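Please look over the structure below with its sequence alongside. A short briefing on selected local features comes after it.

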Amino acid sequence: MKKLNYIGLFLITAMLWYGCTELYEPQTESQLDALVVEGLVTNEAGPFTVKLSRAVAYNSTTLRKPVAGATLLIKDNKGQSFSLKEKDSGSYQTPENFLAVIGNFYSLHIKTREGDTFESNPQELLPVQKYDSIHGFLSQKTSLDASNSTRVVDGINLLADLPAAVDQASMPYSRFKSSIMLQYNYYWPFTENDDWVTYLFAWNTYNIYDIENLTGTKYNTTGALKNHVLGFIPINSFDYGIGILSISYYYLTINQYTLNLESYRYYEAMNKQLTSNARIFDPITSQIYGNVKCINNPRKQVFGMFEVSSVHKSAYLTTFNTVSKFVKFTGVPYLNISANGKAKMKIINPSKDFGTKGPPPPIPESEDVTPSWWHHK
Amino acid sequence: MFLFCISGRTMAQNVLSGTSNEKVSFEVLASKIENTHHIRLFYTPEWFVGKTYDPEIANLPIARCLQRIKWLSNLNCLALDSVSYVFVPNDNSYFKTAQLASGDVNQEPNEFVKFSRAKVTGRVFDGKTGEPLPGVIISLEKQNYSATTNKSGVFETMLPVGEYAVKLSYMGYEDATQVINVKGNEKYDFELYKSYVKIDEVTISAQKTDVNIRSTQMGMVKLNSKNLKELPVFLGERDIIKSVTLLPGVQSTGEFGTGFFVRGGGSDQNLILIEDVPLFNSSHVFGLNSAINPDGVLGVTLYKAGIPAKYGERASSVMDIKMRNTAEELSVKGGIGLLNSRLNLETPLLKKNVNLLVGGRSSYSNWLLHEMPDIDLKNSSAGFFDLNGLLTVKLNAKNRLTFFGYYSDDQFRFNKNSNYHYSNTLASVRYNHIFNNKLSTNLLLGTSQYAYSLNETDSIKPEEDYQIDSSISYHNAKWNFLWAPNDFHSVNIGVNAILYQLQPGILAPYGEVSKIELKKMQQEKGVESSAYVSDNLTFSPKFSAELGLRYTRYARLGAGTVFLFRENETRSAQSVTDTLSFRNNEIMEWYSGLEPRISIRYILNDMSSLKLSYSRNNQFINLISNTTVMSPTDVYRLSNPNQKPLICTQYALGYFLNFAKNKYEFSVETYYKSMDNVLEYKNGAQILLNDLLDADLLNAKGQNYGFEFYLQKNSGRLTGWASYTYSKSLRYTSGIVPQDQINENRMYSSTYDKPNNLILLGNYHISRRWRFSGTFNYNSGRPVTLPELKYQFDNKQLIYYSDRNKYRLPDYHRLDISITFDETLRLKQKWKSSWTLSILNVYGRQNLYSAFYKTTAPTESKLYRQSFSMYKMFILNQPLPTLTYNFSF
């Protein structure tokens, strides 16, 4: 019997397979008067701000077009009504006497200069929830750099344990907003100068979670919710893009908002859109629907959300040791300070010709000019 | 006396290497035949002196048994009556003498003096299986005449009386020439035998005939191994599904994804049958290649319109894949590729009464994924294998058993902690029985199992590790009778029964510490049964029709619950008014439908014909998918009280023309296809593990229409085809409330709407050693939903999307070429080799595979903060050359 073999053998293939992704700016057309509502009312003392703006064309370079001159009212289910005042263009503030009470329902009513009226669904303010504890460990995260190769970032994985819910149905949803404030100081100029050296106390704040951090896992779990990821804190200054500087303090703040179902659904849809990494699977585009509707013209698009959530705020100083793999969070007071800033300067031997733009204000050598909250004691 | 009818029964047969059975003398054989068939044989023993015969001949059907003896002995055989047969020498001198000797015994005028022209009818059968062969070319040597057999293997012609050398040729079969002596209206039976040349060397002749004009079937495309072989290879392998998308009316998703779309229907509307069992997931590694090992495939037939009544189940098309089972000797084929290797073995066993085909492929490389521009894909790995086998057992000449098995397995680890696993298991057993020349039957029992699982692990949160399993279990029985009482009818009658059992999803904890709650979606069970009859009728030489009717009845069975929703309100958890519970096997809902299938052919002249078809199909199983390409996470779903079956009605008209002696084939087909109850999704529909999935789905209607122009050149140094298709695929909803509307009930383009499609495919034989081939493909861009507005919320940029499918991606076009050099041409040389250089995407067109909105990777320049923008993705954005060395020995 004749035997016949057939073998196809690949010898060479030039490995020039470059699939790639690039920015895409398709030409689209759009209706440009859609209102965007961005409001948050909590159980804390006010004032609270509601921002109104208009959506812009996708290709537009403008980020925000404020809507000024509108009339805003917040009504509760007890018959009270509070009128908001425009502080800046498109930014409206609640009055002094406004205080949201747990268990009440609040709704937002808007009338724009053009005469359109908008109304939110009534939103319930739920009781405050608090996580049980937080903990962290040193870890690594990989990402792609500009040249499309992988890059490893060292940092801390921050986790929270949440209390057990009585039952699944009654378990309220939380949204965590956690940020890390890096406190660092540096010399200026960088070279030592006998005549003058400037110390700068600077701080920058970064969100440690890219999208909205919601509890309620993808699928339900029983019992307490352990190890809910709050975020990732890079530990090296260059991973924050602030040069080769030593960081003095890692000041961590955690805001835990308790959401009603409507707010939760909104943020969930928002996350779906923000995480739509279509890739090869190309899912159905996710449209986000808020809780505000145009009353006089139901076809009119309204975006955004009037959120009523209770909040619990906490802050920690974060310390770690990369050698002994040790991470510690020390509870400290919660501070309301601007996100980024540079503090006063301490000048040793102030020179006559400091810098090129004239001398800085003279400060006595002995005075401690460190910001009062700097050490978090 | 016995001269009155000179049997025209002749045969054309290539005597194949004999079996090793103990041979017997003719006397022994004759008595065996007489006992087996209860007939009497008359012969002169000296004609058989020294000849021995395989006793198995006696077990053949009587007609074929006698034919075989005629052939082996070079004798003719005449039937005196139904039980008496006479062997006579096969030369005319004998007859003449005999005639003279017999004198005027016969009072009836001798047939061959009665006619100056005679009607000659012939039938051509597969000598091995007895099945009629359609499309066989019959030509008369030294005469300018050729004909082709119809679907029942019959041809008919008027000829002047006289002697002719009839040449029969058919793709994959040995050519045969037989002398016939036409003396009056006569019928001839011919047998052809498969050629056992390696498939690489088979020349296609079916394509060269005018079968496209003569057959009643329209909207059908056929690819045989030769066609497939001439297509450019994609990463080292021919791909059946990718090849099919080069034919008019069939569209692909792009470089990735093996799902294909036929005339505006989704990929789940295609019934892909391997040996009559459906394959639910036809791709490996999400479409990098298709799950069908090309080496074992005998041929592929795709029906786009006028689907014969014996096929049902799906709405848009049927792809019928047949495996090879005719090896005459051991043959081994294999290939070593960059991603996978394959091996295929075919062999006859037990004196050729059994044929075995075994094939398999296995992957071993992930390099391609690691080249992908995505961190998650870079961290991924994939592996697959598939196995297929076919065992044919010839019990005797009338009975045959075929066992078929197929298994494919895919593992895909996505970004280190998501593991996908899916597998297809197909098996069938088929029994063929031939009652007589006119009636045969086959009974098939088959099963197809598709299982998919995903588990996700997280080292930080092991208590949330989970696994999702879903599966489809499909069992079918098909019983078909083929009855060809005469040359004007060819009737198929049969029944089908299908049992579907679907598990849409089970969520389970994965690992010991996981605290995920077990969630089991309710199982879906349904029974689809159908009966059909179709007749291929020849009214006149010009006019023939295939009339078919299929009746399908489907029952959705319990156990399970059905939600009732308030009328005139969008379906949601809030609008549920009641839930109905059903016990196991209790009927939830009946659906039934008549499916008429009509194809009509009218031959205008020798070169052209007009064809018309109407068909209606019901589909009870739908793919629920949130992607445009098939993904393993897709879930199949059965029609239920809330989700009516998909109904597709298609009208098609075609004009077929051959010219320059069938060197060129030209056709224009136009179709209109309407669809009812097409599944669409509400915005943000949740597909996986959704108990209330009915509330997230919408029933849309579809309208699809188009023109397909096709020109093929069959012979000469340059062969190939050009096809241009203009088509539209539209959908619309008719919801009352805004949530139930898509684009406010206006007509919109479906994802499959790519109006312009041009394919140019050519093979040019530069010299005996050098061959050049090229494929050019142009498509309108795919419809997409793009962001129209953006706004800021919580310092994040959010977007508002346009109406569904309002925009289009840029047009797609690509040129692939290859050049082959054959090193050895000598037939007798064992070692044969060739070099092929192929270049995909020659001019480096950056065809958009998809456009999407996503987060950017946090980079140094962006201070590691994420931003969100619109991206476009290319799979192949520059030329991809491949050099292949093939050898065989």
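Predicted model: local features only at pLDDT ≥ 70, side-chain atom pairs only at ≥ 80, totals over all residues.

Residues are numbered from 1 along each chain as its sequence is written, chains are lettered from A and ligands numbered from 1 in the order in which they are written, and side-chain values use heavy atoms, with hydrogens and water left out.

**Helix α1 of chain B**

- Helix α1(B) spans residues 26-37, and its 12 residues reach 16 Å from first C-alpha to last, close to the expected 16 Å (1.5 Å times one less than the number of residues).
- Helices here are DSSP runs of H or I with at least four residues, and strands are runs of E with at least two, numbered from the N terminus.
- B:Phe26, B:Leu29, B:Ala30 and B:Ile33 are buried in α1(B) (buried: under 20% relative accessible area; exposed: over 50%; partly exposed: in between; 1.4 Å probe, protein chains only).
- Seen down the axis, the buried residues of α1(B) fall within an arc of 100°, so they line one face of the helix; the arc is taken from the directions from the helix axis to the C-beta atoms.
- The cover over these buried residues includes β1 (24-25), β2 (40-42), β3 (52-53), α2 (62-73) and β5 (84-89) of chain B.

**B:Thr121**

- B:Thr121 belongs to strand β6 (residues 117-126) of chain B and is buried, at 5% relative accessible area.
- Beyond its neighbours within four places in sequence, B:Thr121 has contacts that include B:Val154, B:Phe155, B:Glu186, B:Tyr188 and B:Asp487 (contact: heavy atoms within 4.5 Å).

**Aromatic rings**

- Rings of Phe, Tyr and Trp (its six-membered ring) pair if their centres lie within 6.5 Å; planes under 30 degrees apart are stacked, over 60 edge-to-face, and the rest tilted.
- The count is 40 aromatic pairs over all chains.
- The rings of A:Tyr266 and B:Phe793 are edge-to-face, with centres 5.2 Å apart and planes at 65°.
- This pair joins two chains, because A:Tyr266 lies in helix α1 (residues 261-274) of chain A and B:Phe793 in strand β48 (residues 787-793) of chain B.
- Both A:Tyr266 and B:Phe793 are buried.
- A:Trp373 and A:Trp374 form a tilted pair, with centres 5.7 Å apart and planes at 45°.
- A:Trp373 is buried at 14% relative accessibility, and A:Trp374 is buried at 2%.
- One aromatic cluster is formed by A:Phe201, A:Trp203, A:Tyr249, A:Trp373 and A:Trp374.
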